[in-house]
Amino acid sequence: MRKIVHRHLGKVVAGAAIAVAGTAVMVGITLPGTAGADETGGNNGGGQSAQQAAQGQGAGAVPPGVVEQAPDEGDKGTGNDPLTDDEMDRAAQLAASPQMRSAGEDVEGDRGPQRLGVDVAEPDADELGDANAPRRAEVSFYDYKADALVTRIVNLDTGKVEETSTEHGVQPPLSRDEYAEAAKLLIADPLGAGMKADFKDATDKELTSPEQLLLNGAVYRATPGAQPAVLDKCGEHRCVRLFPKVKNGPWIDARSFVIDLSARKVAKLDMR
């Protein structure tokens, strides 16, 4: 079992929230017709050597498996099938209107909201079972300028945005880009010195980029009295606690740090 680096950051990371346990299954293979058989073809020719059976020369031998290339998913799906890559890209482009792209802001502070996800949208109640019902996509963005979750329903047949909802204080799971930006902020902050020291201990290399880590984490919401005042807006702001792991190495305990992506600040929780 891989150790967890906690020399500089304190407590050991534990529990299913961070570590994923894998189970290895040993498969035994029994070769038929080998018990008591003469490897030279004795027993009136009724025996079969283990080598012959392993080579697939015996009756009923299973042919070797063949890996086939996945079929082309096509440009467009049907019904409630998952969206194709082309449909997801088209839906995201249709959902991000010019006004949204000019007014919104992503996790890095650039123009345009942060894309979170694109999924097939549920059909309307009167369209259930209708094979000709239009295909729709639900596209979600986080606008860091307004600290708002923006969700849009796009009709992929007509190319029109049919519904738009804007919610504040709603924090869906973070995207890969948001994890990377959180790690970048922590690495650059003085509070990240312990994480960098742990990385150096584990790899004998300097930690300079999120690309050197495998990143996971969770949205953090403010709890009155349980954190420094700088984190009071977490929940209204988009905040994250990181669970970083050295690639091909140990976990690094960064649970005591919260990165406020909206304010672009790092704070340390009182873990006593």
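**Close-up views of the predicted chain**

**View 1. Surroundings of Leu186.** Leaving aside residues up to four places away in sequence, Leu186 touches Leu191, Gly192, Met195, Leu242, Ala254, Phe257, Ile259 and Val266; a contact means heavy atoms within 4.5 Å. The model is predicted, so local features need pLDDT of at least 70 and side-chain atom pairs count only at pLDDT 80 or more, while totals for chains, interfaces and linings use all residues. Residues are numbered from 1 along each chain as its sequence is written, and side-chain values use heavy atoms, with hydrogens and water left out.

**View 2. The largest nonpolar core.** A total of 23 residues make up the largest nonpolar core, and Leu186, Val240, Leu242, Ile259 and Leu261 have the most contacts inside it. At least two residues each are supplied to this core by H4, helix H5 (193–203), S7 and S9. H4 accounts for the largest share, with six residues. Apart from this core lies another, of 13 residues, including Ala91, Ala95, Ala96 and Phe141. A nonpolar core is a set of buried Ala, Val, Leu, Ile, Met, Phe, Trp, Tyr and Cys residues joined through side-chain atoms within 4.5 Å. Buried means under 20% relative accessible area, exposed over 50% and partly exposed in between (1.4 Å probe, protein chains only).

**View 3. Strand S7 and its partners.** S7 spans residues 239–246 and is mostly covered, with seven of its eight residues buried. S6 is paired with S7 through seven bridges, in the antiparallel sense. Within that pairing, Val219 has Val240 of S7 as its bridge partner. S7 is also joined to strand S9 (residues 257–260) by two bridges, and these strands again run antiparallel. The residue of S9 that stands opposite Val240 is Ile259. Two strands pair if DSSP finds at least two bridges between them. Helices (H or I, at least four residues) and strands (E, at least two) are DSSP runs, numbered from the N terminus.

**View 4. Glu181 in helix H4.** Glu181 belongs to helix H4. Its relative accessible area is 3%, and Glu181 is therefore counted as buried. Not counting residues up to four places away in sequence, the residues that Glu181 touches are Val107, Glu108, Leu261 and Arg264.

**View 5. Arg264 in the loop between S9 and S10.** Arg264 sits in the loop that separates S9 from strand S10 (265–268). Although Arg264 is not a glycine, its phi is positive, at about 55 degrees. Most residues other than glycine have a negative phi. Arg264 is partly exposed because its relative accessible area is 38%.

View 6. Asp147 is placed in the loop between strand S3 (136–143) and S4. Phi of Asp147 is positive and near 45 degrees, in a residue other than glycine. Asp147 counts as buried because its relative accessibility is 12%. Strand S4 (residues 148–155) and strand S5 (residues 160–167) run antiparallel and are joined by seven bridges. Asn155 is bridged to Lys160 in S5. Four residues lie between the strands of this hairpin, where Gly159 has a positive phi near 80 degrees.

**View 7. Gln93 in helix H2.** Gln93 lies in helix H2, which covers residues 85–95. With 59% relative accessibility, Gln93 is therefore classed as exposed. Between the C-alpha atoms of Gln93 and Val139 there are 9.7 Å, although the two are 46 residues apart along the chain.

**View 8. The whole chain, for orientation.** The secondary structure consists of five helices and 10 strands. The chain has 272 residues, and 38% of them count as buried. Of the contacts between residues at least 6 apart in sequence, 54% join residues at least 24 apart.
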